[in-house]
Amino acid sequence: MSKTIVAASTPTGGAVAMIRMSGENSHEYVRKLCNGVGKQSRTAYFATAKTDTVTDKCIVILYDEGKSYTGEKSAEIFCHGSKVIVNEIIKFLINSGAVTADRGEFTLRAYRNKKIDLTEAEGILDLINSETVEQAVNAYNSVDGKLASTIRDIQNELKKVIAAVEVAIDYPEENVEEQTVDDAKDKIKEIIDEITVLTDSYADGMKIKNGIKVVISGKPNVGKSSIFNALLGYDRAIVNKNAGTTRDVIESEYVYKGRKFVLTDTAGIRDGGDETESEGIERALAELKGADLIIGVGVAGDEYDGQENIIAVSNKCDEKRGENFAVSALTGEGIAELKELIYERTDFDTSGLKLNNLRQYEALSNAKRTLIGALNNKQTADCFSIDLTEAYDSLGKVTNVIGSDEIIAEIFSAFCVGK
Ligand code: GDP
C-alpha cells in the first residue's frame, strides 16, 4: 500500500490555494482536519479546517479509489492562499501521517495506476509549461490521449499482421507462407507511412515548443539592436552610435499570434575590430546557419543572393528610404508590418498532432527503422515475424516503458511538486 502523499498544488500568493492528498488514508486525514466533510465522492463540501494553530473556511472534495487523478483515494482542500494557512494545514496532515509528495508524484501514481500513459503524462507537463496558445493546443492533443490512441491503433494493425504471419509459419503448406509474407509487406508499408506522419511532424512540433528562430544580421550601426528592441517591444539590447557595441549574441523571445519566436541580435559584420568583436562576428555567422529566417538590415539586394529565408530590411526610413522593406526603429514605422511579415514568411501548418518529444520520436523512429529492415531483408517468415515484434515493442515504448525506472524518474523529475 502506498503512503499518503500531500503537497500544495498552487503557488503561494493567490487568493485561494489547493492542497492535494493521495493515498489510502487521505480521507481519514481530511476528516481529522475538517468538520463538515460528507461521504460522497466528487462532491464539494463547505468545511472548516482546524489545526492546532489556525482555522480556515475551505472547500473539500474527496475522490474514491478509481475516481481520482491518481486512481487512489484522494482529497483536495481549497483554503485561503496565505502561506501560513497552507503551511499549517500541510503540517497538520503530515503530523497525522501523510508524507510530502516528490516532484510529479501525483502524476507518477496516475501512470503507475494506469490512469494515464507516458504520452499523456508528458502532455500534462507540456501543458503546465505552455507559454503560447500553440503550445497549449498541441500539448492538449497528448493530454487528451490522441497520440496514445494513434499509437495503439498502429500497434493493433501490426498485431494483426504478426498474427497472420505466425499462423502461416504454423501451416507451412506450399505458397501459403510466401503469400502471407507478401500480403504482410503491403500492410507494413501502410504502417510505415502512418509512423512517418508522426515522425515528420517532429520538426514542426519542435518549432511550436522552442520557437521560430529569427536572426537579425547586417553591418555595424545599421540599427540591428534598435530593430531587435522594437520587435520585442522593450529595450533589451544596448543601442549606441558607436559601431561594434553588440559583441555577443543576444537572444530574447516574443509571442505573436499565439506562436513563439526566438529573436537573436548579432554583432555587426565588418572587417577589423578587436579580438572580442571578431569572436562576436564568428558567432553571428554561426547563428545565421541555424536561423529559420534572417532579417538582413541595410543589406544591398544582392548580398544574400541565393538565400531564400531572408527579409532584406532598410532601416532609418525616417531619414532616407532604402530599396528594401522600409522600417524605422526610431519612429516605429513599419515595425508592426515587419512582425507580420516574419510570421507569414515562417508560417507552417500547426493543425493536428505534432510530436515534440525526443523520447517519443526516437521510439517511433526505431520502430520505423525495424519495419523498413523487415521489408528489405530477404529472410524467413520466422525472422520476419521477430522483426515485426521488435517494432511492436518499440511502439509500445512511446506510451509505456515497463521496468525502466531511470527513464520514468527522469520524466517525472521535470514536474513540479503538487502535480
Ligand atoms: P547596430 O549596431 O546595427 O545594432 O545599430 P544600433 O541599433 O546600435 O543603432 C546605431 C545607431 O543608429 C544608434 O545611434 C541609433 O540610435 C541609430 N538608429 C537606429 N535605428 C534608427 C532609425 O530608425 N532612425 C534613425 N534616425 N536612427 C536610428
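At what angle do helix 12 and helix 13 pack, and how far apart are their axes?

## Helix 12 and helix 13

Helix 12 (residues 358–376) packs on helix 13 at an angle of about 170 degrees, and the two axes are 8 Å apart. That makes helix 12 roughly antiparallel to helix 13 (angles over 145 degrees count as roughly antiparallel). Axes are lines fitted to C-alpha atoms, for helices over the stretch in contact, and angles run from 0 to 180 degrees between N-to-C directions. Helices are DSSP runs (H or I, at least four residues), numbered from the N terminus.

On the helix 12 side, the contact (heavy atoms within 4.5 Å) includes R359, Q360, A363 and L364; on the helix 13 side, the residues include F384, D387, L388 and E390. By class, this contact of helix 12 with helix 13 has 10 nonpolar, 5 polar and 4 charged residues. Here Ala, Val, Leu, Ile, Met, Phe, Trp, Tyr, Cys and Pro count as nonpolar, Asp, Glu, Lys and Arg as charged, and the others, Gly among them, as polar.

## Basis of the model

This is a predicted model, in which local features need pLDDT of at least 70, side-chain atom pairs count only at pLDDT 80 or more, and totals for chains, interfaces and linings use all residues. Residues are numbered from 1 along each chain as its sequence is written, and side-chain values use heavy atoms, with hydrogens and water left out.

## Helix 6 and helix 13

Helix 13 (residues 381–399) also meets helix 6 (residues 146–170): their axes come within 10 Å and cross at roughly 165 degrees. That makes helix 6 roughly antiparallel to helix 13.

Among the residues in this contact are I151, I154 and L158 of helix 6 and F384, L388 and Y392 of helix 13. The contact of helix 6 with helix 13 has 15 nonpolar, 5 polar and 3 charged residues. F384 and L388 also belong to the contact of helix 13 with helix 12.

## Helix 4 and helix 5

Helix 4 (residues 118–129) and helix 5 (residues 133–143) pack at about 160 degrees, with their axes 7 Å apart. The two are therefore roughly antiparallel to each other. Their contact includes G123, I124 and L127 of helix 4 and A136, A139 and Y140 of helix 5. Its residues divide into 6 nonpolar, 5 polar and 2 charged.

## Ligand surroundings

An N or O atom in the side chain of K224 lies 2.7 Å from an oxygen atom of the ligand. Backbone atoms take part as well: a backbone N or O atom of A329 is 3.0 Å from a ligand oxygen atom, and a polar backbone atom of V222 is 3.2 Å from a ligand oxygen atom.

Terms used
Parallel < 35°, antiparallel > 145°, perpendicular 65-115°, else oblique. Polar contact = N/O pair within 3.5 Å; in protein donor to acceptor, adjacent residues only side chain to side chain.
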